[in-house]
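Subject: Structure handover

Hi,

Here is the structure I promised to pass on. Please open it next to this email and follow along.

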Amino acid sequence: MNNTSQTSPKIDLEQLLRDGNIIRIKPQGYSMYPLFIPGRDEALIQQTSSTDCRRNDVVLYRRDRSILVLHRIDKITEEGFFMVGDNQWEIEGPLRSDQIIGKLVVFVRNGREISAQNPFYRFLSSVWLLMLPVRPFCFRLTAFFRRICRNPNS
């Protein structure tokens with residue numbers, strides 16, 4: 001019996017970005033739904049300076065001594081950066097500028113690359129960000145309609 005285990009080599013994404021590479025990742029979880037659907041969509045991330053980040057940009061950052069997260073910038077103040085997932089309404093922050101390690105430059109949906117600077121995408125994501133205060137209501141409303149559609153006789 002062979003007891004050797006195969007482990008995949010650990011990849012330092014932050015070092016790849018610092019070396020000037022654009023990294024391709026498949027975001028996990030549903031915090032950025034519907035922009036990213038786990039297992040299907042991909043994000044191309046490029047190293048960025050926090051001074052090049054603006055409201056509505058999707059950035060890759062590291063939580064203090066923790067995981068990498070891909071979320072949208074809700075606002076930038078003297079305190080730092082405030083982030084939110086597209087499928088969330090709770091704002092995280094303030095984050096320090098040194099926690100931001102990259103910015104979304106392209107997202108891949110069904111094999112098609114779409115620039116993060118695409119005007120239609122920028123418009124839709126800006127509108128969704130403006131709707132942040134009413135997202136809880138929107139989520140409850142969609143859950144209600146899903147329940148009705150699944151059980152039309154209830």
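**Ground rules**

This is a predicted model, so local features need pLDDT of at least 70, side-chain atom pairs count only at pLDDT 80 or more, and totals for chains, interfaces and linings use all residues. Residues are numbered from 1 along each chain as its sequence is written, and side-chain values use heavy atoms, with hydrogens and water left out.

**Confidence**

pLDDT is the predictor's confidence in each residue, from 0 to 100. The protein has a mean of 89. Of its residues, 92% reach 70 or more. Strand S5 (residues 81-84) has the highest confidence, at 98. Helix H3 (residues 135-150) has the lowest, at a mean of 85. Helices (H or I, at least four residues) and strands (E, at least two) are DSSP runs, numbered from the N terminus.

Take care with residues 1-5. Their pLDDT stays under 50. The model gives them 0 contacts beyond four places in sequence. A contact means heavy atoms within 4.5 Å. Where pLDDT is low, the predicted coordinates should not be read in detail.

**Salt bridges**

Side chains of opposite charge can pair when their charged atoms come close. A salt bridge here is a side-chain nitrogen of Lys or Arg within 4 Å of a carboxyl oxygen of Asp or Glu. The structure holds 12 of them. Here are some to look up.

Start with Arg62 and Glu14. Their closest N and O atoms are 2.6 Å apart. Arg62 sits in strand S3 (residues 58-62) and Glu14 in helix H1 (residues 13-18), so the bridge ties together parts 48 residues apart in sequence. Glu14 is buried, at 18% relative accessibility. Arg62 is partly exposed, at 29%. The cut-offs are: buried under 20% relative accessible area, exposed over 50%, partly exposed in between (1.4 Å probe, protein chains only).

Next, Glu113 and Arg24. Here the closest N and O atoms are 3.3 Å apart. Glu113 lies in strand S8 (residues 112-115) and Arg24 in strand S1 (residues 22-25), so this pair ties together parts 89 residues apart in sequence. Both count as partly exposed: Glu113 at 48%, Arg24 at 44%.

Then Arg122 and Asp57, with closest N and O atoms 3.2 Å apart. Arg122 is in helix H2, and Asp57 is in the loop between strand S2 (42-46) and S3, so the pair ties together parts 65 residues apart in sequence. Asp57 is buried, at 4% relative accessibility. Separately, salt bridges that share partners join Arg24, Glu42 and Glu113 into one network.

**The cavity**

A cavity is a set of points, on a 1 Å grid over the protein atoms alone, where a 1.4 Å probe fits but cannot get out. Points are joined across faces, edges and corners, and the volume is the space filled by probe spheres set on them. The count is 1 cavity of 30 Å³ or more. The largest cavity holds about 40 Å³ of space.

Which residues line the largest cavity? They are Asn56, Asp57, Val58, Lys103, Leu104, Ala116, Gln117, Tyr121 and Arg122. Lining residues have an atom within 4 Å of a point.

**A loop residue**

Asp86 lies in the loop between S5 and strand S6 (92-95). Asp86 is buried, at 4% relative accessible area. Beyond four places in sequence, its contacts include Arg72, Trp128 and Arg135.

Best wishes

Terms used:
1 Å grid on protein atoms, 1.4 Å probe; cavity = no way out; pocket = protein on both sides within 12 Å on 5 of 7 lines; lining within 4 Å.
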